[in-house]
Each structure stands twice: as structure tokens, then as C-alpha cells.
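Hi everyone, thanks for making the time today. I'd like to walk you through one model, a few spots at a time, so please have it open and follow along.

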Amino acid sequence: MSQDGQGGGQGEVILVALDGSAPSFAALEEARALAADWQARLAVVHVEEPFPGAAASVPILRDALGLPDPLAEGRVAWQVGQERLQGYLEDVGLGERPIERHVRVGSPAQEIRALVDELQPSLLVLGRTGAGKVEQLLLGGTSERLLVGTEVPVLLVGARAVGPSRRLLVPVDFGPCTAEQLRWVCRLPLAEGAAVTFLSVYALPSYFWDAVERDVSEAAVEEALRQEYRRLFAELFACRAEGTGAHFVEAVRQGVPTEEILAFAQEEGVDSVVVGDRGSSAFSSWLPGSTALKVSRAFPGNVWVIPGRS
């Protein structure tokens, strides 16, 4: 169920979900700054979960006892949602601002995804955990469910807004998302003197040395990898947008991708990560053990999740 208010003009849209949690307020702060920087339309959505549907489950009792019907309950929930959203915006001094507002009743993940399909925003901004206590304890909450199958870039924000990045990490595997990751890096607001590192992690399979010729040395393999990565990074950086002032550097590590990405981020004081939503294998996209999903769960700063173009 949905009723929306205060529409905006045409053009680029940034959609942010607000549920009253600290991460959702931080997400709103990030979304406002990005909308100003990109001259985009800012849209805010709040989803009110429906009231317990005891009356709907036993219609004969609903009629006999004069209980409200589900439609009436939905209207009440929508009104409550309107009041909550107004209160959240007033809390941050935006109650009287002409912000495009959307209030929906239902499952947060389903309703936000439906609104994404309707508005086709350039970016969806979410707090990493929601206001519900159960959602804060369990993996697979609203934010995580929205990452699966959402075909627009998503920015996940922690408890505090980061603002223009000073240390940006871009893990790449030169698969279907890498070019889009680069394109988005060239759009992001960066602090003066920001460091942008493109990191690629490789792991040699356990059977590698059994499969190669015995006379191939470890030094030869390392040199071949260096040469190949030098070529791949040169081709990638040649595609960067003109006028991008940030200094790009490359890094290569051997090991388990998620572990190496998180270790590098901690060592270098990274505040934001731009990750592709799928690896070089299409089957790895958002499997429970995928690198993108693990990084989005574990990294405490901003995580930009960029889908590859089909």
C-alpha cells in the first residue's frame, strides 16, 4: 500500500530510506550532500510495517466483533507513517523543507524495491542496520535484502556520515563491474588530496603447481602476474573520465579476497569502499559467501555497491 506526497521535477534522483535509526539519519546526511553536489532530486521514503493482522486472519470474528478491516488498518498505519516521517525530518531541521516524501505500508524491503522500480533513482542510500532490534541482531535485514536483485547502485552508510572520502578503496577483479566501479569513482566527491587505491587480490589454486610445467619457477610466475596486472591497470586507468583530479594507485595482493580487502582497509585507514555487486563469475553474485556481501557486512564505513552493466 502506498500514498506519496510532494513530488519533484524530472532528472536524476537520489532515494534515501529513513526509519529513525542512527544509520538512517547518517544516510540522509550523505544523500543530501550528494544531491547538492550532483544537482539531483532528493526523495525520502519511510515504510511503516502493517499492524498485526489478527482481524484479517479470521474474517468471521472481525465481522462479529466489529474489528477494523485490513484496508482501514492500512490507512491508519499510513497516517502513523506520515507522522513518523514528519517527526524524523523535524529532528534534523527539515520538517518544513519541500523534500519529496514517500510513505508506504508493508514489508520495508518489498516496498522500497517497488519504489526503486517506480522512480528509477541513480542511487539508493540506506543505513546499514534498521531500527528494529531483531534486524540489528541478524544478518539479512532490509539493507542486505535490498542489495540482492536491486539494479541500481546502493550506498550503505554506518552510524556516522563520512562525507567526501579521504581514503577510498576500490577492490577490482577486472570482471563485469570494474568499468562501472571506475565510472562511479570519477563521480564521487573526494576530499582534497584524497588517496584512491584500486586493489586486486588473486589466489593460486592448491593444484596450480601440480598443473604447470616443473621448470616454471615461482619467480617467473610472479613476474608474469606483475606484467599482466600492469597491463590490466593501464587499460583500466586509460578509461578514467577527463578532469578527474584524484590520484589513482594500484595494489595487488595474494590471498583470500575478503580478508585481504578488509585488512588493507584497516591498515590504510580507508573510510569508503566501492565494490562491484558480482565477481568475474556471474554465479558468485550475492551468494552467501560472496566477497561483495562479506565486505558490505564487515566494513564499518561507507560501502558503495555498484552493479555491472548488462
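Let's start with Thr150, which is found in the loop between helix H7 (142-147) and strand E6 (154-157). For this audience: helices (H or I, at least four residues) and strands (E, at least two) are DSSP runs, numbered from the N terminus. Is Thr150 buried or exposed? With a relative accessible area of 7%, Thr150 is buried. The scale here is that buried means under 20% relative accessible area, exposed over 50%, and partly exposed in between, with a 1.4 Å probe and protein chains only. Leaving out residues up to four places away in sequence, Thr150 touches Arg113, Val116 and Leu124, where contact means heavy atoms within 4.5 Å.

A word on where the values come from. This is a predicted model, so local features need pLDDT of at least 70 and side-chain atom pairs count only at pLDDT 80 or more, while totals for chains, interfaces and linings use all residues. Residues are numbered from 1 along each chain as its sequence is written, and side-chain values use heavy atoms, with hydrogens and water left out.

Now the overall picture. The chain has 12 helices and 11 strands, and buried residues make up 45% of its 310 residues. If you take the contacts in the chain with a separation of 6 or more, 78% of them are between residues 24 or more positions apart.

Most residues other than glycine have a negative phi. Gln39, however, has a positive phi, near 55 degrees. You will find Gln39 in the loop between helix H1 (22-38) and strand E3 (41-48), and at 74% relative accessibility it counts as exposed. Gln120 also has a positive phi, of about 50 degrees, although it is not a glycine. Gln120 sits in the loop between helix H5 (108-119) and strand E5 (123-127) and is exposed, with a relative accessible area of 52%.

As for disulfides, meaning pairs of cysteine sulfur atoms within 2.5 Å, the structure holds 0.

Trp184 brings us to the rings. There are 11 aromatic pairs in the structure. Rings of Phe, Tyr and Trp (its six-membered ring) pair if their centres lie within 6.5 Å; planes under 30 degrees apart count as stacked, over 60 as edge-to-face and the rest as tilted. Trp184 and Trp304 have ring centres 6.2 Å apart and planes at 40 degrees, so this pair is tilted. It links distant parts of the chain, with Trp184 in helix H8 and Trp304 in strand E11 (residues 302-306), 120 residues apart. Both Trp184 and Trp304 are buried.

Then there is Phe198 with Phe237: their ring centres are 5.2 Å apart and their planes at 70 degrees, so the pair is edge-to-face. Phe198 lies in strand E8 (residues 190-202) and Phe237 in helix H10 (residues 218-237), so the pair ties together parts that are 39 residues apart in sequence. Both Phe198 and Phe237 are buried. They also belong to a cluster that ring pairs build from Phe174, Phe198, Tyr202, Tyr229, Phe233, Phe237 and Phe248.

Gln254 lies in strand E9 (residues 247-254) and is partly exposed, with a relative accessible area of 45%. Which residues is Gln254 in contact with, leaving aside its neighbours within four places in sequence? They are Val201, Tyr202, Leu204 and Glu260. Gln254 and Val201 are 53 residues apart in sequence, yet 5.4 Å apart in space, C-alpha to C-alpha.

One last stop, and then I'm happy to chat. In the contact between helix H11 (residues 257-268) and helix H12 (residues 291-298), Pro257, Thr258, Ile261 and Leu262 of H11 meet Thr291, Lys294, Val295 and Ala298 of H12.

How values were computed: Axes fitted to C-alpha atoms, helices over the stretch in contact; angles between N-to-C directions.
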